[in-house]
Amino acid sequence: MNKKIKYIFYITVIATFMTCDKIKKNTVESPTKTEEIEKKVDSLLKLMTIEEKVGQMNQYNGFWDVTGPVPDDGDAEMKYEHLKQGLVGSMLSVRGAKAVRAVQKIVVEDSRLGIPLIIGFDVIHGYKTLSPIPLAEAASWDLEAIERSAQVAAAEASAAGINWTFAPMVDISRDPRWGRVMEGAGEDPFLGSKIAVARVKGFQGNDLSDVNTIAACAKHFAAYGFSEAGKEYNTVDVGNSTLHNMVLPPFKAAVDIGVKTLMNGFNELDGVPVTGSSYLLRDILKDKWGFKGFVVSDWASIRELVVWGYAKDNRDAAKIASIAGSDMDMESHIYVTELVQLVRDGVVKEAVIDDAVSRILTVKFELGLFDDPYKYCDESREKEVIGSPKHMEAVLDVAKKSIVLLKNEEQLLPLKKEGQKIALIGALANENNSPLGSWRIASKDSTAVSILTGMQAYKGNTLVYKKGTDVTVGNAEFVNEISVNTNDKSEFDQAINAAKEADVVVLVLGEHGFQSGEGRSRTDLGLPGLQQELLEEVYKVNKKIVLVLNNGRPLTISWADKHIPAIVEAWQLGTQTGHAVAQVLYGDYNPSGKLPMTFPRNVGQIPIYYNYKNTGRPVLDKNNPNLVFWSHYSDIENTPLYPFGYGLSYTTFEYAKLTLDKRVYAINEEVNITVDVSNTGKLAGKEVVQLYIRDLVGSVTRPVKELKGFELVTLEVGETKTVEFTLNKESLGFYNNKGEFLLELGDFEIFVGGSSYTKLTSSFELK
Ligand code: BGC
């Protein structure tokens, strides 16, 4: 049969099927959209050869300028041929309406069945118009702003031909040495789950077939954030309690809200690389949680099963990963070479393949790709949507909300708008590239508003800018620590002289955007290069310093905390960075962010997190002459520099009247809590009111605090609002070591306040 005729044949089968459906609708009960899609998938599956089925499980990276001639170098030529033969189900990193149309056209017109590709891309914190890095956004605790930010990302990406993002990364991590903490929501499973839901909703909307929405992907399943010693791609060895209570909840939340795909990770868990873990992928994800979408491997992670020493060769790796439940092979190129034979040899059951392919086809149907494979390829929409003023406004809004005020003595902040002489110092202050972070594939380099530009918009002050020192040397994108450190102090003097002359010094220090992210683990979390030295030199001549941090992870800034009166955590805030920072520094936005991750005093304290366990020896027993044998370090206190949930405002808040509706509750009852929060300062402001619990006795030991609720409250000067929280079975229970959810009777403490350090407490009993 000629290819075109075969394609028409397939369309006819689908159309016939759809007509039958219509007839049925009038006579019998109308099928749901899901049932309709199930039937379409089944009938399409029946038309497919085993090669075509395996083809759907194969994903290739973008390879040549698809709008130009086909190159004749091996890899690209092979991929092109595979597209024509229907041996590719998805492409990643092809972008732009024109380019996507070109690859889509190859499969639709040349392959036998013309099954459209699903086009994936790392739309991590925006496509072209960038929001803050995800860790920064998490500091906003503002679920609406985060959802909106994902909507913007989806609108731009979908206008550029993309219909699937490899986001959100929902990996919980307690180790800021791990460079990828910038891509997640921090250390807490409750906050992480809420943010996972907000992001999935933002990307997918209510209707996946809407042209502005794209499929989301919760990654990396699972426990990648617990890489030993924060070293990228390292072994992970967490116990069951941590796995079920810390690692899995955000994935479960994403699945429950309907995330369409999951990605597995590069890590192993308890001796099994997660790409080949049927415990995670089949037992937990697909069976227990009932996940109906598909799982994509991480980049070449199926092939890496061989490198791990878990599979003996590529054939073995393809067998293990497919049986385990990795449905799509990202760039390992081994499903496409091995799976057909594995099925023919009876090693992998065709049912395994059918299951994977059904899942993939279902998402394609839901996206509407079978109705119109080119629906995301409208160049005029692409021009109109990307970088629109509406999007710029949305990313500026979330950028402001992501800033965390860490310290503000002598009310150095906000800066006065007139009559001050300000010295702005630091290479990062004049950066329009670093604020874009390291995940900005589609964004043009150097398109962020720098802090210098943002501050220049305020014209009432005299502003002098000096670099002082570089953060990195060489090409920042491929920087490694060894090449980072510069010895060049030649511009120190200019900076110091400017500081001498100034009323206030704003020093912008931290990491370049490319110093965090994948493959960018670090062991020294101080200010890179000569920045610490610059800070100390400037401090010698002018103590009125506002330190603005730019970074993708918690840093160890103990010296600064001790000496510098004002510290602002400004992360990497994306396209609108400079405006967001300037508006906060000048008080046009009163900072309201709270840390989603603990800041350690030094690297030796890592991993350090607020929801730790009590241990058998939590505190020094003052009556005991033996002062050594308790859980502590002998050279530094146990507390972090800044705890989880911490962040100041230009105003002050007070908490009072923490009230529970009862003292004793039956197991099915809800616990209703109220607290009064007042603005006791001189400016209107917003507070993130946080609720923590402690379950005093458990059949598995419980953390000393667990976040179980939060509310954002805006208060005028002198205003008081009553904030309400409800605790239910879900918030009071926990997972035992078998992954079973338990609710145990007994005593609970609650804590309410503006950080995990809050001391305002009450208690109740579950009887
Ligand atoms: C990362 C993933 C990413 C993929 C595709 C991998 O290196 O771990 O998170 O989605 O590449 O770019």
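Colleague: What does the side chain of R553 reach at 3.3 Å?

Modeller: In this predicted model, the side chain of R553 reaches the backbone oxygen of Q515 at that distance. R553 itself sits in the loop between strand 15 (545-550) and helix 22 (558-563).

Colleague: Why does R553 count as buried?

Modeller: Let's set its value against the cut-off. Buried means under 20% relative accessible area. R553 has 0% relative accessibility, so R553 counts as buried.

Colleague: Which side chain makes a polar contact with the side chain of R553 at 2.4 Å?

Modeller: That is the side chain of E511. E511 lies in the loop between strand 14 (504-510) and helix 21 (531-541).

Colleague: What makes the pair E511 and R553 a polar contact?

Modeller: The cut-off for a pair of N or O atoms is 3.5 Å, and one atom must be able to donate a hydrogen while the other accepts it. The two side chains come to 2.4 Å, and the pair is listed as a polar contact.

Colleague: Is E511 buried or exposed?

Modeller: E511 is buried, with 0% relative accessibility. Setting aside residues up to four places away in sequence, E511 touches several residues, including L428, V471, P528, N551 and Q572. R553 is on that list too.

Colleague: Now to another glutamate. Why does E350 count as partly exposed?

Modeller: Partly exposed covers the range between the 20% limit for buried and the 50% limit for exposed. E350 has 34% relative accessibility, so E350 falls in that range. You can find E350 in helix 15 (residues 350-367).

Colleague: Which residues is E350 in contact with, leaving aside neighbours within four places in sequence?

Modeller: E350 is in contact with I50, K53 and V343. With K53 there is a polar contact between the two side chains, at 2.7 Å. As for L339, it is 11 residues from E350 in sequence and 9.7 Å away in space, C-alpha to C-alpha.

Colleague: Let's turn to the ligand. Which residues are around the ligand?

Modeller: Among them are L92, F166, K219, H220, W299 and E518. By class, this shell has six nonpolar, one polar and five charged residues.

Colleague: H220 is around the ligand. What is the form of the peptide bond from K219 to H220?

Modeller: That bond is cis, with omega near 0°. H220 lies in strand 5 (residues 217-221). The peptide bond from A167 to P168 is cis as well, with omega near 5°. P168 lies in the loop between strand 4 (164-165) and helix 8 (189-204).

Colleague: What is phi of S446 near?

Modeller: Phi of S446 is near 55°, a positive value in a residue other than glycine. T615 is not a glycine either, and has a positive phi of about 65°.

Colleague: Why do S446 and T615 count as partly exposed?

Modeller: The limits are 20% and 50% again. S446 has a relative accessible area of 36% and T615 has 43% relative accessibility, so both are partly exposed. S446 is in the loop between strand 12 (421-425) and helix 18 (451-456), while T615 is in the loop between helix 23 (577-585) and strand 17 (653-660).

Colleague: Finally, the whole protein. How many helices and strands does the protein have?

Modeller: The protein has 24 helices and 26 strands. Its radius of gyration is 27 Å, close to the 27 Å that the globule rule gives for 767 residues, so the protein is as compact as a globular protein of that length. Buried residues make up 61% of the 767 residues.

How values were computed. Residues numbered from 1 in each chain as written. Predicted model: local features only at pLDDT ≥ 70, side-chain atom pairs only at ≥ 80, totals over all residues. Heavy atoms only, no water. Near = heavy atom within 4 Å. Nonpolar A, V, L, I, M, F, W, Y, C, P; charged D, E, K, R; others polar. Helix = DSSP H or I, 4+ residues; strand = E, 2+ residues; numbered from the N terminus. Rg over C-alpha atoms; globule rule 2.2 N^0.38 Å. Buried < 20%, exposed > 50% of the residue type's maximum accessible area, 1.4 Å probe, protein only. Contact = heavy atoms within 4.5 Å.
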